[in-house]
Amino acid sequence: MFTGIVQGTATVITTLMKDQFMQLTLEFPQQHCEQLQTGASIAINGTCLTITAFRANQISFDLIMETLRVTNLGELKPGDRVNFERAARIGDEIGGHLLSGHIHGTAMIDQIDQPQDNRIVWFETEPALIRYILPKGFVSLNGCSLTIGEVQGNRFNVYLIPETLSVTTFGAAQVGDRINLEIDSQTQAVVDTVERYMQQNAIISR
């Protein structure tokens, strides 16, 4: 499990592409490389990945076809930066909201507004996901636990403070970027339950 509190950014060292498979090696800040072990999980742009090998502060992961299909990780190239969060431990403070690291899809940045000391980023996503995006609810974007601002059709926005911009890759985000999206599991459960209840009542009332 993860909390959506991004711990920093890592740099892409190599991306070895094969048929629907990629080996990804990242360089992490040294202070976040304590007690590494093969098989442990790290969220990369919000995607839960398993460590396959490590040496000093370089860590490798295998990405299979489903990960490449659903996330933006297949677009990475050497020199790119990614958000990371190591798996939460029992007793850790939950500053964001609980995340599984299982990405539901992606959202495209289609507008960035910059009032003083703030940044408002607008995203567009598919109808199947926007139904779970509710004003003042939670969403994970590239692994960042964020509060949803406004929702308009298939678009929604978030408000980013300077701390988020400095610690994560959102400081360099641009219109057109594709961002990993994990919807809040509790919101999904409520929405699905309500929709199922309404469908059942509609059938009964016919």
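Mentor: Let's begin with Cys48: its relative accessibility is 27%, so Cys48 counts as partly exposed, falling between the 20% and 50% cut-offs. Keep in mind that this is a predicted model. As for bonding, a disulfide is a covalent bond between the sulfur atoms of two cysteines. Here the sulfur pair has to lie within 2.5 Å to be called one, and the count comes to 0 disulfides. Cys33 is in no disulfide, and the nearest cysteine sulfur to its own, that of Cys48, is 17 Å away. Cys48 is in no disulfide either; for Cys48 the nearest cysteine sulfur belongs to Cys144, 16 Å away. Cys33 is at 10% relative accessibility, so Cys33 counts as buried, the cut-off being under 20%.

Now for the strands. Strand E4 covers residues 47–55, and E4 is part of a closed barrel of 6 strands in the order E1-E2-E5-E4-E3-E6, paired antiparallel. From one strand to the next, the twist averages 45 degrees. E4 and E5 (residues 58–63) run antiparallel and are joined by 4 bridges. Phe54 stands opposite Ile59 in E5.

Tyr197 has a relative accessible area of 52%, so Tyr197 is exposed, the cut-off being over 50%. Together with Val190, Val194 and Met198, Tyr197 makes a nonpolar surface patch of about 420 Å².

Methods
Residues numbered from 1 in each chain as written. Predicted model: local features only at pLDDT ≥ 70, side-chain atom pairs only at ≥ 80, totals over all residues. Heavy atoms only, no water. Pairing = 2+ DSSP bridges. Helix = DSSP H or I, 4+ residues; strand = E, 2+ residues; numbered from the N terminus. Axes fitted to C-alpha atoms, helices over the stretch in contact; angles between N-to-C directions. Buried < 20%, exposed > 50% of the residue type's maximum accessible area, 1.4 Å probe, protein only. Patch = residues over 30% accessible without salt bridge, like charges linked within 9 Å, V, L, I, M, F, W, Y side chains within 5 Å. Areas by Shrake-Rupley, 256 points an atom, 1.4 Å probe, with all protein chains shown as cover. Salt bridge = Lys/Arg side-chain N within 4 Å of Asp/Glu carboxyl O.
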